[in-house]
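Here's a quick briefing to read next to the model. Have the sequence and the 3D view open, and we'll go topic by topic.

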Amino acid sequence: MASQCSLSSIFVVQSELDCALDDATTEQEKENLVQQYLKNVDEREDLKIADFQQGLEWLNTEGPLSVYKELSGKVVVLDFFTYCCINCMHILPDLHQLEKIHSVEDGLVIVGVHSAKFPNEKVLDNIRSAVLRYDICHPVVNDSDAQLWHELEVSCWPTLVLLGPKGNLLFSLVGEGHRDRLALFTEMSMRFYGGQGLLRRHAVGLKLLKDSLPPSILAFPGKVAVDNSNKRLVIADTGHHRVLVVSLTGQLLHAVGGPKSGRQDGSFLEASFNSPQGVAIKGDAVYVADTENHLIRKIDLLHKRVSTLAGVGEQGTDKEGGAMGPEQPISSPWDVALGTAGGEEDNVLWIAMAGTHQIWALFLADGKLPKGSDSKAGTCVRWAGSGSEENRNNAYPHKAGFAQPSGLAPAPHEPWGCLFVADSESSSIRTVALKDGAVKSLVGAERDPLNLFAFGDIDGKGVDAKLQHPLGVTWCSEQNLLYVADSYNHKIKVVDPKAKQCSTVAGTGAAGDTVGPEFNQSYFNEPGGLCVADGGRTLYVADTNNHQIKVSKTIFPISTDCTDAIPTRSSGTAKAPLLPKSAARKHMSAVAVSAGQTLTLSLTLTLPEGVHLTEGAPSCWTLSAEGNEWLLEGQTLMGDISDLSRSLRVSTKVPLALKTQHPSDEPSITLSVFVYYCLDSGSACLMKAASFTQPLHISYILFISIKL
């Protein structure tokens, strides 16, 4: 694509226009200014842009479009976007409004130019899902190498570029919040070129993806929450603009809202939502982040009514808050979680306010934020985050910065006492201390608060671990582990917050919908939310782009695989020695493991000064599971001990299925060591033995789709 002009070509003249428009006091004055501007730029011959590169992938069309063929004779709005970006989502209603006012036949065509931030967003199938999820009804081109982006010198998402009917550059609008100016520029361009007879009424070959979408029970479910006491599951059926309540066996109990979007309160038959995401449940109250309505809603399951708790129904820009809920504008709430702040239990609803990159609090009863003033029930106020989009940690919550927080998980008990946050655009997991609001990093991202491109798919510790746009988190208090929907890596990961260690639980890194046979071979497609149940034995996953809820019957701990574990042999080739009564015996604390996981035991052995291992003596170790022999498939494993200069490491794989109908509640394995050594003086040789018993909390997984 040969370079012809860029946005810098109109920077000076449009800056002058923008300043004049800011000073204008009447609509007529603004129209006159734009009219004169159009006359000036239309006379220039240096403003024709390069055409779309050949071979690009197109969606919502019958084939590729050309600026100088199919789009000739049209006013064109190019929307440079990436589908992860909340700011890009915010301008979609502006574009929808334009499409309602001016049709293709009238002479207006909107083209989405998808220029990806994340590698996952370059994949056409993922863009296709986003087009369906956001109900985009105009052509979209996958500019995966951002060639047109670079040609026009676009610098940020979103950027709107308006073209005249000759492929000539007219205007650009950077960022969100330009609805009125976009409408003015578009209307005046339509008038200007329509008056010259340059607009053509021809079709451009639209073929909308949504017209061929097969029906499904769920459509892009975003989040899921469990009610353990009443054995119910709440599902944000985001693509159907509704909330479902089902039993844990999959029976549909309530369907609230849908299938069309809306923002109506009232009975279950009257109520409507617009792309709801986060859900939380306590008793008969379900709290909903009604994302695209910019509202927090409450579903009363007892009286079967829906009410609005916070928001005014339009995107807000306030970054402080403090008003009563229904009077407080908010922006794209993405998740909600119940918590406690200076009052009775669960007196506050924490809100991941993705649109303003903050964490907010909605008081359900009187309370007080850490280091804050008293708040009355109904107050909706900012808790943490300056509102700047960044990965900034700070002891003062208002000075910290988030980047599109999208998932929340409270861990109220010590030593944690925090709110875990999936900070999607920084590709990190953060914590907010419940006692003072201090914001810290847990895993992912990097130390530079302004670098929002430190993403990847790496298991590891702290900032060495890498995620890609995680959208969901859930806390397992029984195991002190945090589970993460690493959405753009199509994986479920687990984080040990004490060690700051992050490991993969399930998913291969490729999008798909295949189940097993090994846990890490199960596939997901941009999972957006998850929750734990049954004391940590069950994990529910909103597998968003697969339109399913998947449930596992296990929660995976951090992998303890070790590549340098010494080989083992079965006791079938040598008889395992019996542990003498004089042997030291140590009973370890239980650890959580999962079926199919490789467990490695590490033990460091040292001898007193003046002694050495007895050459030729049968120093050895054994691994047994008395009373639970099925753990080792009925065998006792053993191996030689010949070198004490490095740690002894013994590995075994936990069976995929139970081998007995009555396993103990806490099965265990025992590592025993038998060491023969002699005094250097040669005066005596001895044998010492010891055993180390490791209890195991084992869970078993099965991925299935809930059938409603």
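Buried here means under 20% relative accessible area, exposed means over 50%, and partly exposed is in between, with a 1.4 Å probe and protein chains only. This is a predicted model, so to speak plainly about thresholds: local features need pLDDT of at least 70, side-chain atom pairs count only at pLDDT 80 or more, and totals for chains, interfaces and linings use all residues. Residues are numbered from 1 along each chain as its sequence is written, and side-chain values use heavy atoms, with hydrogens and water left out.

**The chain overall**

- The chain has 6 helices and 45 strands; these are DSSP runs numbered from the N terminus, helices (H or I) of at least four residues and strands (E) of at least two.
- Along its principal axes, the C-alpha trace spans about 110 × 60 × 45 Å.
- Of the 708 residues, 56% are buried.
- The chain exposes about 29800 Å², with carbon and sulfur atoms supplying 49% of that (Shrake-Rupley method with a 1.4 Å probe; for residues, only the protein chains shown count as cover).
- Take the contacts (heavy atoms within 4.5 Å) between residues at least 6 apart in sequence: 60% of them join residues at least 24 apart.

**Helix H4**

- The buried ones are Leu-124, Asn-126, Ile-127, Ser-129, Ala-130, Val-131, Leu-132 and Arg-133.
- Strands E1 (57–59), E3 (108–114) and E4 (140–142) are included in what covers those buried residues.
- Just after H4, Asp-135 takes a positive phi of about 55°.

**Nonpolar cores**

- A nonpolar core is a set of buried Ala, Val, Leu, Ile, Met, Phe, Trp, Tyr and Cys residues joined through side-chain atoms within 4.5 Å.
- The largest core has 79 residues, and Phe-52, Leu-78 and Val-111 have the most contacts inside it.
- Apart from that core lies another of 25 residues, among them Leu-599, Leu-631, Val-650 and Ile-669.
- Setting aside neighbours within four places in sequence, Leu-78 contacts residues including Ile-49, Phe-52, Val-111, Leu-148 and Leu-163.
- Val-111 sits in strand E3 and is buried, with a relative accessible area of 0%.
- With neighbours within four places in sequence left aside, the contacts of Val-111 include Phe-52, Trp-58, Leu-78, His-138 and Val-141.
- Val-111 and Lys-69 are 42 residues apart along the chain, and their C-alpha atoms are separated by 14 Å.

**Aromatic rings and charges**

- There are 14 aromatic pairs in the structure; rings of Phe, Tyr and Trp (its six-membered ring) pair if their centres lie within 6.5 Å, and planes under 30 degrees apart count as stacked, over 60 as edge-to-face and the rest as tilted.
- Trp-416 and Trp-475 make an edge-to-face pair, 5.6 Å centre to centre with 65° between the planes.
- That pair links distant parts of the chain, 59 residues apart: Trp-416 is in the loop between strands E23 (405–411) and E24 (418–423), while Trp-475 is in strand E28 (residues 472–476).
- Trp-475 is buried, at 11% relative accessible area.
- Ring pairs also link Phe-80, Tyr-83, Phe-118, Trp-149, Trp-157, Phe-453, Phe-455 and Tyr-488 into a cluster.
- Lys-399 lies over the face of Tyr-396, 5.3 Å from the ring centre, and Lys-550 lies over the face of Phe-524 at 5.2 Å; the cut-offs are NZ of Lys or CZ of Arg within 6 Å of the ring centre and within 35 degrees of the ring normal.

- Which strand holds Ala-323? Ala-323 is in E16 (residues 321–324), and is partly exposed with a relative accessible area of 25%.
- Ala-323 is in contact with Gln-328, Gly-378, Thr-379 and Cys-380, leaving aside neighbours within four places in sequence.
- Ala-400 is in the loop between strand E22 (379–384) and E23, and is buried at 0% relative accessible area.
- Not counting residues up to four places away in sequence, Ala-400 touches Gly-385, Ser-386, Arg-392, Asn-394 and Val-439.

**From the record**

- Over residues 458–498 the chain is 0% helix and 46% strand, with the end C-alpha atoms 19 Å apart.
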